[in-house]
Amino acid sequence: MIPAILIFACTYLVMAVGKLPGYRMDRAGAALLGASLMVATGVLDVEEAYRAIDMGTIALLLGMMIVAANLRLSGFFRLVSAFVTARVRHPLALLAAVVLVAGVFSALLVNDTICLVMAPIVLDLVRRLGRNPVPYLLGLAMASNAGSVATITGNPQNMIIGSLAGIHYATFAAWLAPVALFSLVLTIAVVALLHPREFLTRERLPVPKLRPSRPNLPLVWKSLAALAAMIGFFLAGYPIAEVAVVGGSALLLTRRVKAEKVYFDIDWPLLLMFAGLFVVVAGFDKAVLGPETHAAVGRLSLDSVPMLSAVTVVLSNLVSNVPAVLVLQPFVAGLAEPQAAWLVVAMAATLAGNLTLVASVANLIVAQKARAEGVTISFWAHLRVGAPMMLLSLLFGIWWLS
């Protein structure tokens, strides 16, 4: 029990902080080290460690990353940017376009990938228009979190929940797409109201001089066709992980793009972190959590939507949303209606990411991309928008799922 507690605590400390203080070890390295120590100390044997890794989640995430990489390499996202820019003439319309595009694609693909692709495009566009980039980047980050609530493929924690709970893709979307839509509209309203000088103006946008885009149109259509086919199979009830990995792998059959370029766009450390966390949590569950612990947590009335939402939000902001979902797994599985409870966890864990700058990977990606271009998004600038955004969207989600 003692080794399991120490390994779990140290691993989750690094998950919360982002790296091991004084060392260069990141979250992925900490998860891998924690998993290997669970085996080395005898908490789990090798076979138990292998069984703990949910390969369905890993395969689903990998497949969606390959699709997103092909869309980026084809120039699709720059095509969308040019299309939007040619039609918006007011700052508020531009904000709405950024939020809606980010939200919709975050629902279809992985939100972290969308932020990785769109942050440089949005920053470049806003600078060419002579506007303050910070509120638009805040809208991008929060829209990616909000939009990803809608589907199992929207973010990593939803993928884990979909695999653990066995929820049908269409059922998941039917319950949580309204929450995502409300949150996207709310994102536009909150960002605009808290930046009145930027958005509540009669000033018109100039026509920017954009770099000529040379999209690879055959790859654009091929990638979109693959994505549409995958979503169709998801809705038809086919196994999500299998569809994603087959669809993604099929896109590697091409003469136009070197496979190495696609591999470069895949977030391998995130996949490694997932695999390690599965093992760490399995070891902790086996060695430490017992019937008494489950009974004690059960007394918190986790069957209540507000209580489960509150616990999920607090835990997500302590250790991040993916580790929080894995910690909650044994407790949610024992509830009277686990599938309904998992929908609450998916909603709360994702919306919790809008609270602070460090509450989700999507926020950090946007902040890091901005910093690389000399734009600083401070912790307080994010909190000022994120706190009311998270609270209002969470209250709507609790009401809806209740």
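Mentor: Helices (H or I, at least four residues) and strands (E, at least two) are DSSP runs, numbered from the N terminus. This is a predicted model, in which local features need pLDDT of at least 70 and side-chain atom pairs count only at pLDDT 80 or more, whereas totals for chains, interfaces and linings use all residues. Residues are numbered from 1 along each chain as its sequence is written, and side-chain values use heavy atoms, with hydrogens and water left out.

Trainee: In which helix is valine 262 found, and which residues does valine 262 contact beyond its sequence neighbours?

Mentor: Valine 262 is found in helix 14. Contact means heavy atoms within 4.5 Å. Leaving aside neighbours within four places in sequence, valine 262 is in contact with Ile66, Ala69, Asn70, Leu73, Leu252 and Val257.

Trainee: Is valine 262 buried or exposed?

Mentor: The terms are set by relative accessible area: buried is under 20%, exposed is over 50%, and partly exposed lies in between (1.4 Å probe, protein chains only). Valine 262 has a relative accessibility of 3%. Valine 262 therefore counts as buried.

Trainee: How many helices and strands does the protein chain have?

Mentor: The secondary structure of the protein chain includes no strands. The count is 21 helices and zero strands.

Trainee: What is the radius of gyration of the protein chain, and how does it relate to the globule rule?

Mentor: The radius of gyration is taken over C-alpha atoms, and the globule rule is 2.2 Å times the number of residues to the power 0.38. For 402 residues the rule gives 21 Å, and the value for the protein chain is close to this, so the chain is as compact as a globular protein of that length. The C-alpha atoms fill a box of roughly 65 × 50 × 50 Å along the principal axes. The radius of gyration itself is 21 Å.

Trainee: What percentage of contacts between residues at least 6 apart in sequence join residues at least 24 apart?

Mentor: Buried residues make up 54% of the 402 residues in the protein chain. Of the contacts between residues at least 6 apart in sequence, those joining residues at least 24 apart account for 80%.

Trainee: How many salt bridges does a search of the whole structure find?

Mentor: A salt bridge is a side-chain nitrogen of Lys or Arg within 4 Å of a carboxyl oxygen of Asp or Glu. By this criterion, the number found in the whole structure is five.

Trainee: Which residue forms a salt bridge with arginine 72?

Mentor: The closest N and O atoms of this pair are 2.5 Å apart. The pair links distant parts of the chain, 193 residues apart, with arginine 72 in helix 4 (residues 55-74) and its partner in helix 14 (residues 259-265). Arginine 72 is partly exposed, at 35% relative accessible area. The partner is aspartate 265.

Trainee: What separates arginine 128 and aspartate 124 in helix 7?

Mentor: These two residues form a salt bridge with closest N and O atoms 3.1 Å apart. Arginine 128 is partly exposed at 33%, and aspartate 124 is partly exposed at 22%. Because arginine 128 and aspartate 124 are four residues apart in helix 7 (residues 111-128), their separation is about one helical turn.

Trainee: Which residues are joined with Arg131 into one salt-bridge network?

Mentor: Arginine 131 meets glutamate 203 in a salt bridge (3.0 Å, N to O). Arginine 131 lies in the loop between helix 7 and helix 8 (133-148), and glutamate 203 in the loop between helix 11 (196-199) and helix 12 (217-236), so the pair ties together parts that are 72 residues apart in sequence. Arginine 131 is buried at 10%, whereas glutamate 203 is partly exposed at 43%. Through salt bridges that share partners, Arg131 is joined with Glu198 and Glu203.

Trainee: How far apart in space are leucine 205 and arginine 89, C-alpha to C-alpha?

Mentor: Leucine 205 is found in the loop between helix 11 and helix 12 and is buried, with a relative accessible area of 6%. Residues that leucine 205 touches, not counting those up to four places away in sequence, include Arg89, Leu129 and Arg131. Leucine 205 and arginine 89 are 116 residues apart in sequence, and their C-alpha distance is 4.8 Å.
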